[in-house]
Amino acid sequence: MRSITPPSAWLLGVAAAVALAATAPTAAATPQTVTGTVGPGFTIVLTKGDHKVTTLKAHTPYRFVIQDRATIHDFHLRGPGIDRVLTAVAFQGTKSYTLTLKKGSYSFSCDPHASFMHGSFRVV
């Protein structure tokens, strides 16, 4: 003997599936913000919140907000798969980039003053 499922039971199953899909986390989460600051004196720093960045997670998108406070500095980021000047020497202001980094060691510096304006972090 075959049983027949009433339409109301079928609709209840569809409604439950739709509700679960609507509450599932999305794959594209909002990137965390990392702030790079160069100048106005002879300082360069990379922070997340109130803490200096020492490690970041690999294959995670981060929003790098670079605050360049002097026209005598730049902000240059180097590491696996990236060698990029995020703000040029003549630029003063704020720029933003979304970057997804690979595992490895990274450095950031001001090119004109690289001997004393530099820092580093790891991506794990």
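I started with the rule for a pair: rings of Phe, Tyr and Trp (its six-membered ring) pair if their centres lie within 6.5 Å, and planes under 30 degrees apart count as stacked, over 60 as edge-to-face and the rest as tilted. I noted that this is a predicted model, where local features need pLDDT of at least 70, side-chain atom pairs count only at pLDDT 80 or more, and totals for chains, interfaces and linings use all residues. Residues are numbered from 1 along each chain as its sequence is written, and side-chain values use heavy atoms, with hydrogens and water left out.

Entry 1. I searched the whole structure and found four aromatic pairs. One of them is F75 with F108, stacked at 5.6 Å centre to centre with 5 degrees between the planes. F75 is in strand β6 (residues 75-79) and F108 in strand β9 (residues 104-109), so this pair ties together parts 33 residues apart in sequence. Strands here are DSSP runs (E, at least two residues), numbered from the N terminus.

Entry 2. I checked burial, where buried means under 20% relative accessible area (1.4 Å probe, protein chains only). F75 has 1% relative accessibility and counts as buried. F108, at 5%, counts as buried too.

Entry 3. I looked up Y106 and F121: their ring centres are 5.3 Å apart and their planes at 10 degrees, so the pair is stacked. Y106 lies in strand β9 and F121 in strand β10 (residues 118-123), so the pair ties together parts 15 residues apart in sequence. Both Y106 and F121 are buried.

Entry 4. Ring pairs link F75, Y106, F108 and F121 into a cluster.

Terms used: Helices (H or I, at least four residues) and strands (E, at least two) are DSSP runs, numbered from the N terminus. Buried means under 20% relative accessible area, exposed over 50%, partly exposed in between (1.4 Å probe, protein chains only).
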